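Here are my notes on this one, point by point. Have the model open while you read.

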Amino acid sequence: AANADTEAHRWRDAEGTWHSLTYGQVRDQVRDLALGLAARGFQPGEFAVIWSGNRSEATVADYAVMHARGVPVFIYNTVTPEQAAYIAGHCEATIAIVEKQFLPKLKEAAESLPKLREVIVIDGEIDGTVPWNDVLAQGHAEAERDPGKFEAIWRQVTPDNLATLIR
């Protein structure tokens, strides 16, 4: 809050244009995603796999899942569909947050993931998945409806909660 206007994330897109997010913008995205996940049925203690390259949305997803009292599980970019199925299946992930480039591998693994309820795609709109921006919008609406909800949820996170798993 003290540094809300300070640049937190900076990246260059495929066309070479630089973009950035301030700490305040990152916080707002974390709030919106956490509340959006909760509104979609994500429960405390559940696991969410994150399969993404090094990008701002992966960090936001990591923080948002933790703030929703869940456990983020990162899948390394080079794993096979079988390895992804093992990781996501072993932790009984209920949500996957992925870049579209990893969606084919996730679909190959899907039959081994009986607990997986929803796939959120960071960078596209693909049939059978939920667009990242839709979850953010849903969470933003929740924040406007109940401005204290995010604060109340994340304040329940304790040092005893499991943090990010990277496999």
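1. Where does Leu103 lie? Leu103 is in helix 4, where helices (H or I, at least four residues) and strands (E, at least two) are DSSP runs numbered from the N terminus. Leu103 is buried, at 5% relative accessible area; buried means under 20%, exposed over 50% and partly exposed in between, with a 1.4 Å probe and protein chains only. Leaving aside neighbours within four places in sequence, Leu103 is in contact (heavy atoms within 4.5 Å) with Val98, Val119, Val121, Ile126 and Thr129. Thr22, on the other hand, is 81 residues from Leu103 in sequence and 29 Å away in space, C-alpha to C-alpha.

2. Before going on, some ground rules: this is a predicted model, where local features need pLDDT of at least 70, side-chain atom pairs count only at pLDDT 80 or more, and totals for chains, interfaces and linings use all residues. Residues are numbered from 1 along each chain as its sequence is written, and side-chain values use heavy atoms, with hydrogens and water left out.

3. Have a look at the aromatics. The structure has one aromatic pair, a pair being rings of Phe, Tyr and Trp (its six-membered ring) with centres within 6.5 Å; planes under 30 degrees apart count as stacked, over 60 as edge-to-face and the rest as tilted. Trp51 and Phe102 make up this stacked pair, at 5.3 Å centre to centre with 10° between the planes. Trp51 sits in strand 3 (residues 47-51) and Phe102 in the loop between strand 5 (95-98) and helix 4 (103-109), so the pair ties together parts 51 residues apart in sequence. Both Trp51 and Phe102 are buried.

4. The expected span is 1.5 Å times one less than the number of residues. Its buried residues include Val30, Leu33 and Leu37, and also Arg31 and Asp32. Just after helix 1, Gly41 has a positive phi of about 105°.

5. How do helix 1 and helix 5 (residues 132-145) cross? Their axes come within 7 Å and cross at roughly 90°; axes are lines fitted to C-alpha atoms, for helices over the stretch in contact, and angles run from 0 to 180 degrees between N-to-C directions. The two helices are therefore roughly perpendicular (65 to 115 degrees; under 35 is roughly parallel, over 145 roughly antiparallel, the rest oblique). Among the residues making the contact are Leu33 and Gly36 of helix 1 and Val135 and His140 of helix 5.

6. Helix 2 also agrees with expectation: its 12 residues should span 16 Å at 1.5 Å a residue, and its end C-alpha atoms are 16 Å apart. Glu57 and Asp62 are among its buried residues, as are Val60 and Val65.

7. Arg69, in the loop between helix 2 (56-67) and strand 4 (71-74), has a positive phi near 70° and is partly exposed at 26% relative accessible area. Glu92 has a positive phi of about 60°, lies in the loop between helix 3 (81-90) and strand 5, and is partly exposed at 45%.

8. Last, Leu116 is in the loop between helix 4 and strand 6 (118-121). Not counting residues up to four places away in sequence, Leu116 touches Ala93, Thr94, Ile95 and Ala96.
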